[in-house]
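Me: Hi! I'd like to talk through this protein with you. Could you take a look?

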Amino acid sequence: MARRIAFGTVEMSGRISTSVQALRNAGYKMTGPRLTILDILEKSGGHITSAELLSLVEQRDPSIGRASVFRTLDLMIKLGIVWTSVQGGSTVHYMLMPGGHHHHIICTNCDKLIEFDDCRLGALISSLEREYGVHVEGHLLELYGLCQDCQDAIREHAGDPEEDTD
Ligand SMILES: [Zn+2]
Ligand SMILES: [Zn+2]
Ligand SMILES: [Zn+2]
C-alpha cells in the first residue's frame, strides 16, 4: 500500500509537547516506549496505520514488543491523545489529537492524506453546543476530494485522445 502523507501546515513540536503534557497531567511518566511512539506519530504528520507504526517502532527500538505498542496506544486513546479509525475495510489508523482536534483531506483517487491544523470550527461548535446542550471535547474532521496531482493527471489524460487522433 503506497499511502503518501502530506504535512500541510502542521506544527510538529507543538503537537508532541501537548501530548507529553497530557500524559504528565494524567500522572503518567514519559517512558521510552511512550516517547518513541509519540515521536513516530509526530514525524508521520500525526497520522499512521498500525502496520506502519509497528514497522517503524521495530526499526527504531526492537526491544519494544507489539504488546507494549498496543498497550501504549490504548493508554493514549483512553487519555484522548490518540484517536483510532478503521479505513478501507480493515486498516487501523492512529491519529494524534493535539488539543482534541484532528483534520485531514483524503484523495479518493490515490489515498493521499493532507493533514491540516486550522479547522476554523469554533463558531460551528459553539452553536452546536447551544443547540444540543452538549460540551464538545474533540473532533475528527475528514474531507474527501481529488488532490492536485490527480486533478492534473486526469486533465492530462483527458487531453490524450485529441493529440492521438492526428
Ligand atoms: Zn489525519
Ligand atoms: Zn490523489
Ligand atoms: Zn479542529
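This is a predicted model: local features need pLDDT of at least 70, side-chain atom pairs count only at pLDDT 80 or more; totals for chains, interfaces and linings use all residues.

Me: Thanks! How many helices and strands does the protein have?

Reply: There are six helices and seven strands, counted as DSSP runs (helices: H or I, at least four residues; strands: E, at least two) and numbered from the N terminus. Along the sequence they come as β-α-α-β-α-α-β-β-β-β-α-β-α.

Me: Which strands make up the open sheet of three?

Reply: The order is E2-E4-E3, with antiparallel pairing; strands pair if DSSP finds at least two bridges between them. At the edges are E2 (47-49) and E3, each pairing on one side only.

Me: And how many bridges join E3 to E4?

Reply: Six bridges link E3 (residues 82-87) with E4 (residues 91-96). Trp83 sits opposite Met95, and Thr84 has Tyr94 as its bridge partner.

Me: What about the turn of that hairpin?

Reply: Three residues lie between E3 and E4, and Gly88 in the turn has a positive phi of about 60 degrees.

Me: Changing topic, what share of the residues is buried?

Reply: Buried residues are 20% of the 166 in the protein, where buried means that 20 or more other C-beta atoms, placed from the backbone, lie within 10 Å of the residue's own.

Technical notes: Residues are numbered from 1 along each chain as its sequence is written. Chains are lettered from A and ligands numbered from 1 in the order in which they are written. A residue is buried if 20 or more other C-beta atoms lie within 10 Å of its own, exposed if 12 or fewer, and partly exposed in between; C-beta atoms are placed from the backbone.
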